[in-house]
Amino acid sequence: MWSGKGCSRWLAFVLYLHLYLEERAWAELRYSVPEEVKEGTLVGNVAKDLGLDKSSLVDRQFRVVSGSKETFFHVRPENGALEVRRKIDREALCEGSRACVMELKILVENPLEMHHVVVEITDVNDHSPNFADKEQVFEIAEQSSPGTRFQLQAARDPDAGMNSVRTYTLTANEHFELDISQNDEEKIPFLVLKKPLDREQNRKHVLFVTAVDGGKPPRSSTLNVTIIVLDSNDNRPTFSRDTYTVEIKENVIVGVSVTRVNATDPDEGTNGEIEYSLSKNLNKADIFELDKLSGLIKLKGPVDFEDTEIYKLDIQASDKGQPPLTGRCRVIVKIKDVNDNPPEIEVTSLSSKVSEDSKIGTVISLISVTDKDSGVNGKIISQITNDVPFELKPSYKENIYSVVTKEYLDREEVSNYKITITATDCGEPPLSTFQILNIQISDVNDNKPHFHQYPLNFYLSENNNAGQPIFAVSATDNDVNENAALSYNIIRMGIESDVTSFLNINSENGQISALKSFDFETLKSFQFQVVATDGGSPPLSSNVTVNVFILDQNDNAPVILYPVSSNGSAEGVEEIPRNMKAGDLVTKVRAYDADIGYNGWLLFSLQQVTDHSLFSLDRYTGQIRTLRSLTETDEAEHGLLILVKDNGNVSLSATATVTVKLVEPKEAFAASDVKSAAKVDNEEDNVTFYLIITLGSVSLLFVISIIVLIAMQCSKSTEYTSKYLQDANYDGTLCHSIQYRSGDKRYMLVGPRMSIGSTVVPGSHANTLVLPDRRNTSGEVRI
């Protein structure tokens with residue numbers, strides 16, 4: 001049996017240890033260590049920096065835990081030192097010049113603590129600059145002007161900061177100098193021509209570019225740069241003739257050779273290599289093609305004597321000098337006439353838009369067909385060759401036709417048609433041509449608006465802001481334009497108490513706003529209808545039933561049922577005999593909350609007490625019991641301040657004051673007789689009244705919920721129900737729990753959110769509650 005003074009000291013020590021461990025559980029240490037250090041290098045003493053007792057580290061299983069497969073650090077349980085377990089290559093772990101850090105988790109048990117340690121891996125100059133290629137070649141014309149720049153390779157150094165590439169150097173020469181350009185974090189070297197080159201004096205220059213980093217000592221790498229001087233071009237190509245003339249038939253096949261042109265250049269090398277090109281004339285370029293190496297001209301497209309009798313081609317020959325020189329000639333191609341004209345279709349009138357309610361036989365287009373040929377070759381047969389609800393009707397005049405409808409049209413099935421009209425002459429072989437008519441089917445208002453779900457179910461949290469949008473309804477219409485322009489309205493019942501009088505809808509987008517704030521305790525759900533009307537003439541409409549379910553919020557503070565004094569305040573006086581033993585019931589604080597779920601789950605806590613060693617409060621039941629036997633030295637009167645709070649996101653609370661008087665056993669029995677007589681009427685008038693209201697409200701809510709759920713299951717699709725129940729963002733008041741037992745402790749996993757009043761140990765992710773075990777009143781959270 002603990003004395004009063006000893007219990008007080010023990011409770012103070014436990015409270016201090018809890019606060020100290022909670023603060024330490026979230027502490028974060030930072031160390032730094034250079035890369036490439038040997039195994040066993042000391043990084044820091046974690047136990048000392050965290051203030052842990054080194055003598056208990058082995059028993060508490062002091063260790064490093066990490067999800068990584070490669071562990072670079074470990075701790076020594078005997079002294080708490082953090083050491084390098086294996087050699088670290090910073091460049092393999094972290095690319096670039098940013099800070100390279102590794103996060104470690106240090107775990108100790110009994111009690112369980114998790115500490116975070118951040119180790120920064122600092123860079124050492126263990127890499128030399130490196131060029132991707134060891135040699136770079138430039139070809140520079142001898143007439144290049146001074147100041148011309150040539151970009152060199154940039155060296156790469158995986159080290160960071162000062163250990164990366166800092167500068168470039170160039171071997172001494174009279175023609176080139178080095179210029180360095182800064183691009184973001186990279187230095188790019190440029191070779192700059194400072195003196196003209198002379199190929200006759202020196203055909204080749206060899207230079208060396210050295211990249212140096214900023215380490216101590218510095219590291220470097222060399223790039224070989226070769227400059228080849230190119231010869232100048234001083235002779236232009238010359239054609240063998242200034243004009244070439246050739247004749248071909250108009251029905252000659254595509255790809256046949258027309259003629260060949262030839263030019264020569266006395267220069268050597270690339271300055272003497274010739275390429276041919278055709279003049280930039282689109283019409284001729286579509287008909288003829290020129291081989292740029294051989295000078296052979298071929299027929300690329302068909303030629304037509306009726307279109308063009310003669311073609312004049314301008315040919316250009318260019319050498320590959322720098323800069324190139326050119327020579328020119330002309331090729332005249334004469335076309336010989338043959339009979340090769342297909343029929344031609346002319347659309348003289350076309351209604352590109354046809355109403356979908358057009359009658360059969362409606363004329364949509366007039367066409368005429370002609371052929372430049374004569375005789376049998378000019379006789380034409382015309383027809384519609386694809387499957388469309390249209391047909392050709394001949395006119396009184398030959399080769400004049402009208403296109404008419406032969407079936408009823410429906411824009412919602414097919415909104416446009418491509419009518420292919422083919423005209424074929426009677427020549428041998430026959431020639432054909434076709435014409436495509438694009439017909440758009442215009443809309444008429446023959447479709448009602450359509451709601452994709454019926455009915456619509458929405459969930460609204462209570463205490464919404466009056467005047468703000470709460471949700472929106474949406475319908476579609478298979479018609480288009482004004483026939484699909486929808487307006488929305490709420491069907492008013494005309495009753496003053498109708499909830500629709502507090503709703504307003506945006507007629508254009510269906511957004512619904514509430515003109516009042518709803519209260520879950522007053523209204524659990526309501527129903528109304530929305531009608532969607534299109535803009536057609538005459539307009540068509542359809543309506544949908546909207547079910548709105550109000551979701552509870554934590555807007556009701558707990559109400560103290562007992563103790564309640566005569567003036568309504570939560571104050572009471574309890575007289576107990578001095579011969580009470582440890583664990584005896586003193587009194588019970590009773591309270592209720594009008595909210596449901598977590599919002600109505602109440603927890604009791606003892607805020608103030610004159611003697612902490614004398615009384616205890618059950619956080620779930622509100623029972624006040626003695627912690628020990630009463631003694632003659634205990635004070636005769638004790639004040640207890642009890643806080644009752646719910647488990648909402650933002651918890652609400654109420655307080656009750658209980659005054660406990662210690663009296664002799666005889667006085668206590670006399671007082672209890674008087675109190676029992678007084679409590680009969682009080683409890684019958686107050687407690688029974690509140691209990692009846694509470695039970696009635698809960699029963700009514702349960703019946704309404706069952707009816708609503710049955711109606712929802714009967715009316716809405718399985719897909720929609722599943723979609724709502726699986727929504728991870730749902731923030732309702734219902735919760736799910738799984739209880740399990742481990743040893744002498746009971747635990748509860750709570751979802752979707754953790755009770756605010758529950759005890760949480762750092763590292764448990766706030767998802768485990770400790771439930772009181774009647775066999776053992778002590779409990780703690782374990783991972």
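**View 1. Pro563 sits in the loop between strand S39 (559-562) and strand S40 (571-577).** Strands here are DSSP runs of E, at least two residues long, and helices are runs of H or I, at least four residues long, both numbered from the N terminus. The peptide bond leading from Tyr562 into Pro563 is cis, with omega near 5°. This is a predicted model, where local features need pLDDT of at least 70, side-chain atom pairs count only at pLDDT 80 or more, and totals for chains, interfaces and linings use all residues. Residues are numbered from 1 along each chain as its sequence is written, and side-chain values use heavy atoms, with hydrogens and water left out.

**View 2. Another cis bond links Asn110 and Pro111, with omega about 0°.** Pro111 belongs to the loop between S6 and strand S7 (113-122).

**View 3. Four strands make an open sheet in the order S1-S7-S6-S3, with mixed pairing.** Two strands count as paired if DSSP finds at least two bridges between them. S3 and strand S6 (residues 101-108) run antiparallel, joined by three bridges. Look for Val65 opposite Lys105 in S6.

**View 4. Gln61 has a positive phi of about 55°, though it isn't a glycine.** You'll find Gln61 in the loop between helix H2 (46-50) and S3. Its relative accessibility is 42%, so Gln61 counts as partly exposed (buried is under 20% relative accessible area, exposed over 50%, partly exposed in between; 1.4 Å probe, protein chains only).
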